[in-house]
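Subject: Structure handover

Hello,

Please read the notes alongside the coordinates.

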Amino acid sequence: MKHTKKILGTMLLTAAAVAVTSCVDDSKLLFAFEKPASIAGMEYLNEYDALKTYVNSSANPNFKLGIALTADDYIAGGLVTRLANSNFQEMTAGNAMKYASCVADDGTMNFGTVEKFVAAAKAGGLTIYGHTLAWHAQQNNKYLNSLIKDKELPPSQGVGNCLHIKTSEAKTNPWDWQIFYDLASPLLAGKTYSFSMRTKASAATTFPLWIETPEAKNTNYGLPQISAGTTWSVISFEFTSSSDCSRLLFSFGKFGGDLYFDDIVLVEKGDSHNMFSNGTFEEGDLPSKWSKPGWHSYTYGIEPSPGDAAAEVEQEKKVRTYQDGPFPFYAMGCEPPVVDGYIHFVPTGSWSQFFILPSSENTLEEGNYVLYLDIKSSKDASGVQLTMQNGWGGTAQQITVTVPIKEGNHIVKLNLPNVAGGNYDVIFKPQTTDAILDIKSVKIYKVVKLNSIPLTPAEKKDTLTWAMNNWINGMMKATGGYVTAWDVVNEAIAGGGDDGEGFYPLQSATNVSADDAKNNFYWQDYLGSEDYVRIAVAAARKYYAENGGTNPLRLFVNDYNLESDWDDNKKVKSLVHWIEKWEADGVTKIDGIGTQMHVSCHANAETQKSKEDHVVKMFEILAESGKLVKITELDMGYVDEEGNSVKTADMTQAQHKAMSEYYKFIVKKYFEIIPVAQQYGITQWCITDSPTGSGWRGGEPVGLWDANYNRKHTYAGFADGLAGK
């Protein structure tokens with residue numbers, strides 16, 4: 001039977017909602033009405049059958065007519081499901097089978113939607129064309145970059161032994177904690193001596209070293225101070241003794257924590273004899289020459305030397321100051337002005353908060369951060385908080401810290417650990433404080449450990465090869481052998497440059513825009529231009545077979561602009577060239593080439609003729625390749641004489657019909673030029689015209705149906721192309 005098309009109009013949509021019996025495209029009208037001329041001009045579409053009926057399966061036994069759609073829409077079992085089942089043989093999920101849709105920030109994979117989509121496709125009798133296994137876009141960059149981030153080295157290990165002194169607290173005077181060393185022979189007045197030692201402490205400190213002879217009241221206080229940091233360091237100096245002295249007094253009373261001494265050397269200048277016995281602390285027990293006042297309660301003794309923990313540095317990420325005038329950010333109910341370069345907050349008597357740094361200016365990577373707040377207060381203030389958060393929904397990360405505020409002008413350091421990464425608003429919350437507060441600046445620093453080194457290229461390749469295999473294995477498990485054709489690699493070829501052999505190279509972070517380099521993840525930069533595809537192909541074949549795949553598996557390399565006229569089809573020539581390189585190992589086999597064909601019909605006759613000529617050239621090159629050929633993502637817009645894309649709302653009937661003719665041309669040429677044995681199929685990328693706010697060709701007439709699921713002239717052109725008219 002002929003499938004009667006529901007005619008345009010709100011009345012008909014109401015009827016469809018009430019009376020659909022089998023699918024969106026085969027319902028009879030329940031009433032008659034006088035048709036406007038514009039509708040009458042569309043009536044011929046009623047005579048067309050469902051699209052798949054125009055596929056001559058006898059002449060083209062391997063050909064599949066496909067549609068791209070949202071997996072959730074098909075799973076829902078409504079209008080989209082009925083349209084797909086009635087008109088098509090195969091489906092491509094727009095996003096559900098892409099990496100970023102399935103892989104979380106921690107690398108866990110969720111294939112729930114994929115599994116439901118496969119089950120629904122089986123029930124509807126449609127096959128699925130998998131899109132896509134390997135691509136640089138729509139990846140989980142956060143997870144992938146975490147796999148290849150710099151690796152931390154373990155803290156350095158101590159060597160040998162040292163003297164460990166442990167005090168319980170910092171006291172008032174240097175002499176409140178002391179350790180003595182009594183020399184076998186005294187230092188002599190007027191003689192010059194050299195002193196050196198290695199030191200380390202649980203916190204940076206300095207303390208004096210004095211020399212004396214007990215009970216002689218001849219203490220020399222003028223020696224340089226000894227410093228100790230959190231990593232081992234050597235201090236050395238020379239001094240001249242002003243009297244005969246036999247004791248050294250290390251006086252660290254103002255320090256609380258752990259002190260470590262090692263490799264102590266004291267020699268008379270010009271001599272090599274070390275006046276310290278066992279200054280390396282390697283020769284048995286601590287000499288009795290070491291002692292302390294009997295009333296000092298700290299502990300000391302020889303212990304293995306501790307290693308140095310990783311040093312940390314603060315890397316500046318953002319500095320924000322303010323210019324006099326109104327509050328500079330979005331108001332949250334409190335709008336303190338900027339006065340003399342300070343955000344000037346006067347207590348409101350109620351709970352208050354306001355931005356001091358907006359997320360649009362504060363993109364942070366994962367890691368630990370510190371924030372410095374230059375603030376002035378009229379008095380001590382308690383209860384004030386600061387929150388840094390990356391969004392406002394339930395999944396937003398919020399880090400809230402208390403701001404210690406004292407009277408006067410000071411800089412407050414706030415720790416912001418475990419930042420997940422994203423765009424972070426910084427919100428100051430005076431709450432109900434009665435202090436006048438002035439904020440001069442906000443500075444944010446990332447805390448970076450210095451004990452890390454980059455992975456080697458070989459280490460990165462090994463890690464990402466594992467990640468690629470893990471991802472493809474997960475997808476093949478989820479599809480259970482039902483999906484037998486895939487875009488194994490998507491959009492690999494660059495649209496410019498030269499690979500040294502006269503063809504385009506692969507896309508790379510080095511040859512794209514800064515935004516693309518930031519937002520995408522170019523596997524090929526790490527796996528190599530040739531191994532990238534070989535690894536993906538090998539993984540697909542291995543895990544397809546291991547997860548129930550028994551029918552022949554067909555793997556396509558998919559790309560766009562293969563029909564390009566501006567470079568005389570150089571991109572498709574480059575793709576064929578690269579396939580030859582990928583297959584040169586004698587193991588890798590790529591079954592087909594997918595051409596996306598996001599085309600436009602041009603009002604300018606000369607331009608349109610060039611476009612059509614290069615569509616023909618593309619099909620000829622693809623036919624000559626010997627590979628299966630699939631138009632994977634066919635859709636079409638319209639460009640007027642001035643070169644402007646025309647929106648759906650502004651399209652004329654003549655323009656719609658011109659698009660219809662171009663659809664017919666493309667489909668017919670596919671069947672005329674591509675040998676039957678190489679014909680895998682054609683997938684229409686857009687069911688309906690694109691909504692105005694869509695991220696894909698927004699507001700353009702890209703569908704075979706309009707936004708209300710009514711057939712368009714392009715439906716007829718597509719059907720006529722399939723029928724060979």
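The notes cover sheets, helices, aromatic pairs and charges over rings.

This is a predicted model, in which local features need pLDDT of at least 70, side-chain atom pairs count only at pLDDT 80 or more, and totals for chains, interfaces and linings use all residues. Residues are numbered from 1 along each chain as its sequence is written, and side-chain values use heavy atoms, with hydrogens and water left out.

Sheets

Helices (H or I, at least four residues) and strands (E, at least two) are DSSP runs numbered from the N terminus. Two strands pair if DSSP finds at least two bridges between them. In general, strands of a sheet pair through backbone hydrogen bonds, either parallel or antiparallel.

Strand β7 (residues 192-201) is joined to β13 by eight bridges, and the two run antiparallel. Opposite Tyr 193 stands Glu 268 in β13.

A second open sheet has four strands, in the order β19-β26-β22-β23, again with antiparallel pairing. The twist averages 25 degrees from one strand to the next. Between β22 (residues 385-389) and β26 (residues 425-431), which run antiparallel, there are five bridges. Gln 389 is opposite Asp 425 in β26.

Helices

The axes of α12 (residues 570-582) and α13 (residues 605-625) come within 10 Å and cross at roughly 10 degrees. This makes α12 roughly parallel to α13 (under 35 degrees counts as roughly parallel, over 145 as roughly antiparallel, 65 to 115 as roughly perpendicular and the rest as oblique). In contact (heavy atoms within 4.5 Å), Val 572, Lys 573 and Val 576 of α12 meet Met 618, Ile 621, Leu 622 and Ser 625 of α13.

Helix α4 (residues 79-87) has these buried residues: Val 80, Thr 81, Leu 83, Ala 84, Ser 86 and Asn 87. Buried means under 20% relative accessible area, exposed over 50%, and partly exposed in between (1.4 Å probe, protein chains only). The cover over them includes β1 (64-69), α3 (71-75) and α15 (713-723).

Aromatic rings

Rings of Phe, Tyr and Trp (its six-membered ring) pair if their centres lie within 6.5 Å; planes under 30 degrees apart count as stacked, over 60 as edge-to-face and the rest as tilted. The count is 45 aromatic pairs. One of them, Phe 237 with Phe 239, is tilted, at 6.3 Å centre to centre and 55 degrees between the planes. Phe 237 is buried at 12% relative accessible area, and Phe 239 is buried at 8%.

Phe 252 and Tyr 298 form an edge-to-face pair, 5.5 Å centre to centre with 70 degrees between the planes. The pair links distant parts of the chain, 46 residues apart: Phe 252 is in the loop between β12 (245-251) and β13 (258-268), and Tyr 298 in the loop between β14 (290-291) and β15 (299-304). Phe 252 and Tyr 298 are both buried.

The charged end of Lys 292 sits over the ring of Tyr 298, 4.7 Å from its centre; the criterion is NZ of Lys or CZ of Arg within 6 Å of the ring centre and within 35 degrees of the ring normal. Lys 630 lies over the face of Tyr 129, also 4.7 Å from the ring centre.

Regards

Technical notes
Axes are lines fitted to C-alpha atoms, for helices over the stretch in contact, and angles run from 0 to 180 degrees between N-to-C directions.
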